[in-house]
Every structure is written in structure tokens, then in C-alpha cells.
Amino acid sequence: MSARIVAAAESPYTRHPSDETTTEQLLADVFLRVLAAGNVDRGAVDGLGVRPRWLMEDTNGGAAALNMLQHAIRAVDAGDARTIVLLAGDRFDRESFRRLVDTYNRATVDHLAPIPTGGPNALFALLTRRHMAAHGLTREDYGRVVLAQRRWAAQNPGAVYREPLTMEEYLAGPVVAEPLHRYDCVPVVSGADAVIVAAADRGVAVRSVRGLHNVDGQNGDGLRTGLAEIAGELWDEAGFGPAEVDAAYVYDDYPAMVLVQLADLGFVRDGDVGRFVRAELERLPLNTSGGQLSAGQAGAAGGMHGLVEAVTQLLGGDRVDARRAVVSGYGMVLYRYCACTNAAVLEAA
Amino acid sequence: MFTVTVCAACGEAVFPPRALCPSCGGREWRTVEAGAGTVEETTERDGVRIASVRTDVGPIVVARATAGYAAGDVVRLESEGGVPVAGR
């Protein structure tokens with residue numbers, strides 16, 4: 001037996017959590033859900049209660065889930081633990097979002113909040129403009145990403161946005177920070193996500209998992225992440241490449257970053273992002289829950305949303321017939337863009 | 001006067017300031033004026049004009065813009081409580 005992801009679960013996302021809802025309750029709820037999904041007895045979980053055999057916490061935002069997965073896989077294969085539940089959740093509403101974005105880290109407090117930038121939307125507006133100029137993209141190109149994910153969201157009863165979206169509606173969304181409009185930004189939700197990593201014969205195998213953080217010290221242009229440097233070894237270790245995966249789950253805080261991560265992971269064969277998004281994107285099952293752009297971003301759980309959906313589909317979910325998938329994480333805006341990236345290549349086995 | 005930090009050992013200019021130089025690991029810093037730069041991108045959020053500006057000494061900074069600048073515009077940078085403000 002070796003480490004497998006044997007179950008995944010999500011606590012329903014909601015835009016309007018009750019006053020009584022707490023993050024702890026959301027974590028407890030998704031914990032019970034994932035145990036039920038995996039038919040795992042709670043007594044089998046290492047670290048449950050107050051006598052943990054194995055314990056870690058990762059607070060690196062959109063990269064936290066795969067950081068935890070990397071540690072959990074190694075811990076099970078090394079024999080430190082046999083059954084690990086990875087949990088992420090947040091009671092997160094608009095007020096929580098406002099408080100978070102002005103106090104996110106030291107650079108934000110000292111150099112962004114006083115402008116005021118009002119959170120990451122303005123920063124990624126600047127980055128999206130840079131991406132548009134670098135690749136000759138238009139708002140319609142980002143709309144293609146958003147519409148493709150929205151079509152998947154129609155199949156996800158838990159998604160915040162499920163109704164079909166037309167390009168006209170996308171383009172006419174209220175301005176947030178040009179060139180970003182409403183549907184380029186994730187709806188803030190409360191919710192929780194979980195997966196179980198266990199020593200097992202069957203489940204989802206992690207063929208490779210790697211990260212590269214703070215790759216350029218914020219001195220780059222933000223259009224190339226650490227994924228570009230690790231993609232070669234990631235696919236080499238997996239034994240297959242991007243053309244051989246059935247679905248991709250990239251961290252979708254903004255459509256431009258979806259395209260950046262797909263390019264860094266090797267999905268854009270000739271580097272022509274414009275051609276890719278216009279001619280090939282539609283053929284790639286991408287963020288098949290609708291992603292955070294349609295399903296919602298549950299604060300600290302956001303990084304685990306794609307992993308949960310990937311595992312759900314690989315374990316026999318009905319949205320996409322997938323045996324192999326790649327999941328990427330992108331998180332921690334240090335100043336102008338995120339510093340943390342990682343990716344995992346998964347295969348049902 | 002808007003300033004950025006420069007590594008005393010290798011001359012690498014960085015912003016925001018950090019403890020160790022990402023190029024050489026040095027921990028001694030001096031500050032230099034970054035009084036001018038070139039606008040690279042602009043946006044507006046809740047009525048606040050915001051620009052990324054490539055300073056003449058190197059780092060790209062996120063600045064408050066006093067007018068509707070366009071990419072390529074050369075601007076002066078002043079400090080307002082450590083935050084760069086771009087103007088003519």
C-alpha cells in the first residue's frame with residue numbers, strides 16, 4: 001500500500017453565512033462529510049482529538065492545499081501516519097474580506113492599504129493589463145475562460161453562479177477595476193473543503209507534487225510563476241505530460257492567472273496564449289466545478305477547492321470522465337502578485 | 001521624497017524593503033531617492049487612480065496617480081507616508 005487520496009468533500013458554499021456560523025463549525029462539518037465520503041472511521045485518523053501523531057498547518061493561501069498534500073503524502077509513505085484528513089475552511093463574508101485585504105501582510109499594511117488599493121482586485125487589474133499587452137489579448141479572451149467555467153458550473157448545485165453567462169453579459173458586468181469587471185472576480189463565500197490521504201491500495205495516486213515559492217522576489221513582471229521552472233520535472237516524474245491529462249484544475253483567482261498557470265504548466269504548446277484561448281481552451285475540461293470564479297472563494301479554503309473537485313471527478317464523479325488531472329496552487333500576494341506556486345499530477349489508481 | 005532600499009553590498013534595489021538582499025544575502029541597506037519613473041499600467045478602484053510605475057532606479061512600485069496617466073508616461077514620484085504618489 002502507498003499513499004492515496006481516498007476521499008474528498010465540500011461543505012456547501014454560501015454567500016450569506018448565519019451569525020451563528022463559525023469557521024470551526026465549517027471545519028467540523030466538512031470533516032464529517034469527508035469521513036462519510038471515504039467510509040473512514042474517525043478513530044482511524046491520525047491526529048484527531050488532542051493526541052496528534054502528525055500535525056501541520058499551512059497558511060499560504062492558494063498554495064496551502066498542495067503544500068499540505070505534499071507533506072501528507074510523504075508522511076504516509078514514510079510511515080509517520082496512516083490516515084490524514086486535510087481540512088480547510090473559512091467563515092468568510094464581505095466584511096471579513098475587507099478586513100483581510102487591508103492587513104494581509106506587512107507590505108500591504110505599509111505600502112498598499114494607504115494608497116488605498118482596496119485589496120487584490122486593483123493589483124490584478126494592473127497585472128491583467130500587462131498580460132493583455134504581452135499577449136495581444138482582449139477582454140473577450142478572458143471572457144472565454146469565465147464562460148467555459150460557467151458552463152461547468154451549471155452541473156454543480158453548490159456553485160454560487162450557475163446560470164449560463166453570455167459574452168455580452170460578461171462584458172457588461174459592472175466595473176471593479178478596469179479591465180476587471182464583476183465576472184473576472186471571485187464571489188466571496190463561506191465554506192470548507194477536505195480530502196483524506198491514507199495508506200491504501202486504491203484511490204487517487206499523486207504521481208508528482210512540487211512547489212516553487214518566491215521565485216523572483218517580486219522583481220519580475222508577474223506573468224511567469226514558479227510553475228514554469230518546475231513543470232519539466234513535474235511531468236517527468238509523473239511519466240506523462242499535459243496532452244495526456246483529462247482535466248486541469250488551476251487556481252482561478254482571476255482569468256489572467258488561469259492562462260498564466262496553463263501556459264507555465266505547458267498547455268500552451270507554442271506559447272501563443274491568444275490562439276490557445278480562442279481555439280483550444282474549449283476542448284480542455286478546466287475547473288469543472290465552475291472553479292472559484294463560479295462556485296465561490298471560501299477564504300482560506302480556496303486553495304483546496306480545485307483539489308477536491310479533481311479528486312471527486314477522478315474517484316468517479318459524473319461531471320467529467322477523467323483518469324488523470326493536474327491541480328495547481330497560486331497564493332500569497334506579497335506585493336504586486338503572488339509568491340507561492342505548486343502543482344500536483346493526479347491519477348486514479 | 002520617495003525612496004527605495006539598495007543593498008550596500010551588491011547595489012540591488014528592492015521595494016518593498018526586506019531583511020536580506022535577494023541577490024547576495026546582504027543585510028546592510030541604504031536608501032536612494034526614486035523620484036521618477038515610467039507608467040506601465042493603470043487602473044482605478046473606487047475613484048482612486050492606481051498605476052504600476054517602473055522607477056528609474058529599478059523596482060516597479062504600485063503608486064497612487066494624481067491624474068489619468070497612460071502607459072509610457074514619465075511621472076515624478078513623491079512619498080506620502082511611504083506610499084509613492086505619481087504626478088507631473
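Predicted model: local features only at pLDDT ≥ 70, side-chain atom pairs only at ≥ 80, totals over all residues.
Asp184(A) sits in a loop of chain A, between strand 4 (180-181) and strand 5 (190-200).

Asp184(A) is buried, yet has no salt bridge. The nearest side chain of opposite charge belongs to Arg139(A), 4.2 Å away. Arg139(A) is still in contact with Asp184(A). Beyond neighbours within four places in sequence, other contacts of Asp184(A) include Tyr142(A), Val146(A), Pro179(A), Asp253(A), Tyr254(A), Pro255(A) and Leu293(A).

Now the interface. Chain A and chain B bury about 2,000 Å² between them, and 56% of that lies on carbon and sulfur atoms. Three residues, Ile115(A), Leu126(A) and Tyr335(A), supply 31% of the area that chain A buries against chain B, more than any other three residues. The contact takes 25 residues from chain A and 26 residues from chain B.

Polar links also cross the interface. Ten residue pairs are in polar contact, both partners at pLDDT 80 or more. There are two salt bridges between the chains. One of them joins the side chains of Glu41(B) and Arg130(A), at 3.1 Å from N to O.

Which elements of chain A supply at least two residues each to the side that touches chain B? They are helix 4 (106-112), helix 5 (120-135) and strand 3 (175-177). Helix 5 of chain A gives the largest share, seven residues. By type, this side of chain A divides into twelve nonpolar, eight polar and five charged residues.

Note on methods. Residues numbered from 1 in each chain as written. Chains lettered and ligands numbered in written order. Heavy atoms only, no water. Helix = DSSP H or I, 4+ residues; strand = E, 2+ residues; numbered from the N terminus. Buried < 20%, exposed > 50% of the residue type's maximum accessible area, 1.4 Å probe, protein only. Lys, Arg positive; Asp, Glu negative; His and termini not counted. Salt bridge = Lys/Arg side-chain N within 4 Å of Asp/Glu carboxyl O. Contact = heavy atoms within 4.5 Å. Buried area = accessible area lost by both parts, 1.4 Å probe. Polar contact = N/O pair within 3.5 Å; in protein donor to acceptor, adjacent residues only side chain to side chain. Nonpolar A, V, L, I, M, F, W, Y, C, P; charged D, E, K, R; others polar.
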